[in-house]
Amino acid sequence: MLGPVILAASRSDAMRRLVSAAPMTKPVVERFIAGETVDEVVPIVKHLTDGGLEVSLDVVGEDITTPERSTAARDAYLELIERLDGLGLGERAEMSVKLSLFGQALPGGHELALANVRPVVEAAARIGTTVTLDAEDHTTLDSMFAIHEELRKDFPETGCVIQAYLFRTEDDARRLAADGSRVRIVKGAYKEPASVAYQDKAAIDKAYVRILKILMEGQGYPMIGSHDPRLIAITQELARRAGRKLHEYEFQMLYGIRGEEQVRLAAEGHRVRVYTAYGTDWYGYFMRRLAEKPANLLFFARSLITK
Ligand code: FAD
């Protein structure tokens with residue numbers, strides 16, 4: 001019941017100001033956000049990759065309201081890539097990008113987001129890695145998939161995300177699997193209406209498995225974004241049946257969630273990528289993490305009361 005309320009709050013400016021300004025939020029935020037600056041995130045990247053994991057780095061932020069902020073976001077990614085170059089990790093450190101941070105919702109936003117993301121994809125390719133386009137709410141997806149297709153003409157490794165809760169996703173999965181794309185499949189983290197998305201957890205999980213099957217049997221590279229133990233076991237079984245070797249798909253989990261499971265899967269020989277978000281504009285990302293697990297909210301509420 002609490003999830004939808006928190007998701008609604010994740011888009012409220014008044015709540016953003018209240019939560020972001022509260023000093024006691026910090027310790028809770030730090031569980032999910034790997035620092036505010038490149039200097040803070042680089043040691044974490046080193047720690048994770050030294051431990052046998054891979055990373056996808058996300059400069060947090062979304063729904064920006066001026067073109068200047070979109071170019072600032074692009075520059076933040078370019079600075080990050082320059083720093084990653086020094087670590088020599090290649091594709092072990094990729095980037096995740098939200099197109100709304102690159103101006104997608106502004107007037108002329110489709111072209112603006114494409115213009116901003118292209119140099120990031122080019123810079124990533126120069127250091128031997130790539131970029132995955134995150135999936136945001138359903139109204140943004142046609143534009144995201146069109147940008148993905150455009151980028152893949154020059155950079156076929158560019159990935160994108162699909163969300164199991166949307167009715168459209170099985171068709172998207174078929175198209176992307178036939179095209180040989182890198183695709184991250186997730187359950188979906190936004191508040192979506194019943195006209196476009198399953199609302200029931202069991203229905204979402206069933207759709208996830210159907211999509212997983214399409215991806216595993218297709219030509220592309222499936223990236224399984226989930227912490228759900230059942231889906232992780234089903235992935236392993238479907239990969240085996242599709243004749244995929246361990247490095248022909250990967251697991252992805254979020255920084256701060258099920259860290260021991262990440263290490264366990266990597267020790268079994270799986271590729272495990274940790275989605276590592278950092279930056280100052282963490283509010284929307286943080287609220288979605290609270291919405292996914294009510295216990296996080298209790299932990300957060302307790303930290304407010306006991307300070
Ligand atoms: P759930 O059934 O929600 O969780 C399974 C178990 O995982 C829970 O029982 C709990 O133990 C643990 N868990 C899950 N979430 C949390 C949490 N927040 N805190 C603590 N424990 C938790 N969504 C999008 O809409 N677009 C994206 O681009 C996107 N990118 C993602 C990238 C990655 C790498 C991952 C892992 C997720 C991404 N998501 C994205 C979020 C996703 O849609 C889900 O909201 C999220 O992963 C929770 O679903 P789950 O599959 O882990 O299953």
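Among contacts between residues at least 6 apart in sequence, 72% join residues at least 24 apart, two residues being in contact if their C-beta atoms, placed from the backbone, lie within 7 Å. The model is predicted, so local features need pLDDT of at least 70 and side-chain atom pairs count only at pLDDT 80 or more, whereas totals for chains, interfaces and linings use all residues. Residues are numbered from 1 along each chain as its sequence is written.

The protein has 13 helices and eight strands, helices (H or I, at least four residues) and strands (E, at least two) being DSSP runs numbered from the N terminus. Of its 307 residues, 43% count as buried, that is, with 20 or more other C-beta atoms, placed from the backbone, within 10 Å of their own C-beta atom. Helix α12 is mostly covered, with eight of its ten residues buried, among them Tyr-283, Phe-286 and Arg-289.

Around the ligand there are 23 residues, of which Asp-134, Gly-225, Ser-226, His-227 and Gln-252 come nearest; a residue is near a molecule if its C-beta atom, placed from the backbone, lies within 6 Å of it.

| Element | Residues |
|---|---|
| α12 | 283-292 |

Key. Buried ≥ 20, exposed ≤ 12 C-beta atoms within 10 Å, placed from the backbone.
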